[in-house]
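This briefing is meant for a reader who is meeting the structure for the first time.

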Amino acid sequence: MTKYVKIISSGSYLPKNILTNKELESRVDTSDEWITERTGIKERRVADENETSVDLAYKASLDAIAKSNINKNDIGAIFLATCTPERKFPSSAVLLQNKLNIKNAFSFDINAACTGFVYALDVAKKYIESGQMKYALVVGTEKITSLLDWTDRNTCVLFGDGAGAMIIAASDEPGIISSTIGSDGSYKDLLTVNTDLEYIEMKGSDVFKTAVNTLGKLAKHTLEINSIEQGELDWLVPHQANERIILAIAKKINLSKDKIIITVSKHGNTSAASIPLAFDTANSKNTFKSGDMIMLEAFGAGFTWGSVLMKY
Ligand code: COA
């Protein structure tokens with residue numbers, strides 16, 4: 001059994017096309033002012049028609065692998081979180097494994113909607129703890145704009161495409177201190193893509209309230225079960241859906257805005273990609289220092305939710 005599991009590198013990729021709020025004004029009855037005020041979003045990325053979630057994942061993974069200084073063939077497993085897979089099967093994880101030309105690994109997809117990356121990290125941590133492998137590649141990737149009804153102003157302004165990845169490894173020191181995941185399928189119709197329609201349908205204000213409530217409780221619970229005082233938390237890297245949700249949660253744990261990584265203004269909600277993208281955006285600027293206490297926290301369709309507490 002391995003004692004600890006640590007993130008040793010992160011990587012990310014954003015498609016080149018930027019779609020601004022101003023441009024959305026010509027598509028639906030909305031305004032830059034409304035979107036900014038209600039969500040904090042200013043722009044988002046949109047993948048090309050022929051660019052898939054696996055293509056995005058591939059570029060983010062190359063970035064993470066390059067920064068890790070490990071040999072890619074030492075990776076024992078690929079855990080890929082997405083709700084916009086390239087194909088129905090084989091899994092996007094297998095397609096990614098093939099693109100990366102990694103031979104001695106097993107790979108599978110995890111779908112927990114916007115919580116997918118935290119679920120994937122939880123699973124990867126447990127595999128590494130079991131001693132089955134030393135290194136794992138954990139990816140969150142979405143071409144979520146492919147699920148948008150571009151005539152529905154309630155949803156089309158909120159989402160964007162992207163991918164983030166991490167290499168995690170067995171370690172002699174902490175590490176991920178705890179991870180918690182949960183779900184409740186009774187909320188299945190509040191945020192969904194019905195297979196007949198293939199578009200995101202959402203009851204926005206119900207999702208908003210439940211997200212704030214659930215994530216507020218989860219953040220407090222995560223600190224409590226690890227005996228961490230609120231003042232000891234250095235960084236919150238939350239799911240980037242709405243800046244108002246993020247700030248409401250921070251208020252519940254008395255965390256000031258300068259300790260929160262907020263990228264929603266530039267990325268929109270990239271679903272399973274949002275946390276690793278936000279993490280890598282900060283990590284690339286050397287924001288996190290060795291020993292910093294960091295909490296990741298996510299909420300998504302299902303509903304699903306999860307948190308990870310770690311020492312960087
Ligand atoms: N531009 C202009 N007006 C819009 C709009 C847009 N893009 N989208 C919705 N509106 C309108 C609504 O139609 C409604 O009009 P009405 O009162 O005439 O019916 C009005 O704005 C208020 O809508 P409401 O839903 O109450 O606004 P809100 O303050 O709750 O903000 C969201 C809407 C979607 C931004 C917010 O509910 C939200 O962020 N929810 C959570 C979404 C989320 O995080 N989803 C992913 C979870 S992983």
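Two strands are said to pair if DSSP finds at least two bridges between them. The model described here is a predicted one, and the ligand in it lies between domain 1 (4-171) and domain 2 (176-311), because both domains give residues to the shell around it.

**The sheet of five strands**

- An open sheet is built from five strands in the order S1-S7-S6-S4-S5, and the pairing within it is mixed.
- At the edges of this sheet are strand S1 (4-13) and strand S5 (106-110), each of which pairs on one side only.
- Neighbouring strands of this sheet are turned against each other by 20° on average, when direction is ignored.

- Ile181 stands opposite Gly306, which belongs to S13.

**The shell around the ligand**

- The ligand is surrounded by 23 residues, and the closest of them are Thr30, Arg38, Arg153, Gly204 and Asn242.
- By residue class, this shell divides into ten nonpolar, nine polar and four charged residues.
- At least two residues of the shell come from each of helix H2 (32-39), helix H6 (153-156), helix H7 (204-225), helix H8 (243-252) and strand S12 (293-300).
- Among these elements, H7 gives the most to the shell, supplying four residues.

**Polar contacts and cover of the ligand**

- An N or O atom in the side chain of Arg38 is 2.7 Å from an oxygen atom of the ligand.
- The side chain of Arg244 also has an N or O atom at 3.2 Å from a ligand oxygen atom.
- At Arg153 the backbone takes part instead, with one of its polar atoms 3.0 Å from a nitrogen atom of the ligand.
- On its own the ligand has 960 Å² of accessible area, and the protein covers 73% of this area.

**Details of the backbone**

- The peptide bond that joins Phe89 and Pro90 is cis, with an omega of about 0°, and Pro90 has its place in the loop between S4 and helix H4 (92-100).
- A cis peptide bond also leads from Pro174 to Gly175, where omega is near -10°, and Gly175 is found in the loop between strand S7 (162-171) and S8.
- Glu198 is not a glycine, yet it has a positive phi of about 65°, and this residue is placed in the loop between strand S9 (191-193) and strand S10 (200-202).

Terms used. Residues numbered from 1 in each chain as written. Predicted model: local features only at pLDDT ≥ 70, side-chain atom pairs only at ≥ 80, totals over all residues. Heavy atoms only, no water. Near = heavy atom within 4 Å. Polar contact = N/O pair within 3.5 Å; in protein donor to acceptor, adjacent residues only side chain to side chain. Areas by Shrake-Rupley, 256 points an atom, 1.4 Å probe, with all protein chains shown as cover. Nonpolar A, V, L, I, M, F, W, Y, C, P; charged D, E, K, R; others polar. Domains from an automatic or database assignment. Axes fitted to C-alpha atoms, helices over the stretch in contact; angles between N-to-C directions.
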